[in-house]
Amino acid sequence: MLRKLDDVLCVIEDWIMVGLFIAGLVMAFLQVVLRYLFNTGIHWLEAGLVTALIWAMLFGAVRAVRDGFHPRVDLLPSLVSPKVRAVLNFMAIGSAFLLSSYVLIDSVFYAKFLNMINALHPELGIKLFYPFLIIPVITVLMTLRYGLLIYTLFYKPDAHAPEDQFRDHIGAKYQKGIVE
């Protein structure tokens, strides 16, 4: 079950990251061609490009949680006993889970507020609510990823790299961004 969930999340993350990157690349190419060949442009292309690339990076941040690519202090866990390492793992991943949960709740509240006041994006001309929806979506995925890591800590709480332990525990098909 967990492997299936992880596989689905990985496929969704991959497709969204690639799709947004390609969309950003097309918008950048179109803007350059219009600007330098035709001395014109489309006013919303720049904002669309920035939005697409930021969204792609946010999905990459979710994947980085799964693959253990976020920065952390690796020396300290090597110097302490397994029990202390287990406590540090629970504190680190637990606090990240709580923080992402708080941001999720807050972002849903703010998204409702943006929808209520009908604020418009200055460049795109759409309700600001729509581009902002990426924050609740990303924080749901982040919270889910951190929850999966906490689940893994119940099996091997003193792991040096809980992310590696998670992938090993579920027999992950995707290993650090590579399909095996």
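1. Leu-25 counts as exposed, at 52% relative accessibility (exposed means over 50% relative accessible area, buried under 20%, partly exposed in between, with a 1.4 Å probe and protein chains only). Leu-25 lies in helix H1, where helices (H or I, at least four residues) and strands (E, at least two) are DSSP runs numbered from the N terminus. Together with Val-18, Phe-21, Ile-22 and Val-26, Leu-25 forms a nonpolar surface patch of about 480 Å² accessible area. Patches take residues with over 30% relative accessible area and no salt bridge, joining like charges within 9 Å and nonpolar side chains (Val, Leu, Ile, Met, Phe, Trp, Tyr) within 5 Å; the areas come from the Shrake-Rupley method with a 1.4 Å probe, and for residues only the protein chains shown count as cover.

2. A word on the basis: this is a predicted model, in which local features need pLDDT of at least 70, side-chain atom pairs count only at pLDDT 80 or more, and totals for chains, interfaces and linings use all residues. Residues are numbered from 1 along each chain as its sequence is written, and side-chain values use heavy atoms, with hydrogens and water left out.

3. On confidence, the average pLDDT (the predictor's confidence in each residue, from 0 to 100) is 88, and 97% of the residues score at least 70. Helix H4 (residues 82-117) has the highest mean, 93, and strand E2 (residues 178-179) the lowest, 54. Where pLDDT is low, the predicted coordinates should not be read in detail.

4. Now to Asp-6, which is found in helix H1 (residues 2-38). Is Asp-6 buried or exposed? Asp-6 is buried, with a relative accessible area of 0%. Beyond its neighbours within four places in sequence, Asp-6 is in contact (heavy atoms within 4.5 Å) with Arg-66, Arg-145, Phe-166, Ile-170 and Ala-172.

5. Salt bridges deserve a look: the whole structure has 10 of them, each a side-chain nitrogen of Lys or Arg within 4 Å of a carboxyl oxygen of Asp or Glu. A network of salt bridges links Asp-6, Glu-13, Asp-14, Arg-63, Arg-66, Asp-67, Arg-145, Asp-164 and Arg-167. Within it, Arg-63 and Glu-13 meet at 2.7 Å, N to O. Because Arg-63 lies in helix H2 and Glu-13 in helix H1, the pair ties together parts that are 50 residues apart in sequence. Both Arg-63 and Glu-13 are buried.

6. Asp-7 and Arg-3 also form a salt bridge, at 3.6 Å from N to O. They are four residues apart in helix H1, so about one helical turn separates them. Asp-7 is buried at 13% relative accessibility, while Arg-3 is partly exposed at 35%. Lys-156 and Asp-158 make another bridge, with closest N and O atoms 3.4 Å apart; Lys-156 is partly exposed, at 34%.

7. The helix geometry reads well. H4 has 36 residues and reaches 52 Å between its first and last C-alpha, close to the expected 52 Å (1.5 Å times one less than the number of residues). The buried residues of H4, including Arg-85, Asn-89 and Leu-104, pack against helices H3 (75-79), H5 (129-132), H6 (134-153) and H7 (162-170). Just after H4, Asn-118 has a positive phi of about 55°.

8. For helix H2 (residues 45-67), 23 residues should span 33 Å, and the end C-alpha atoms are 32 Å apart, which agrees.
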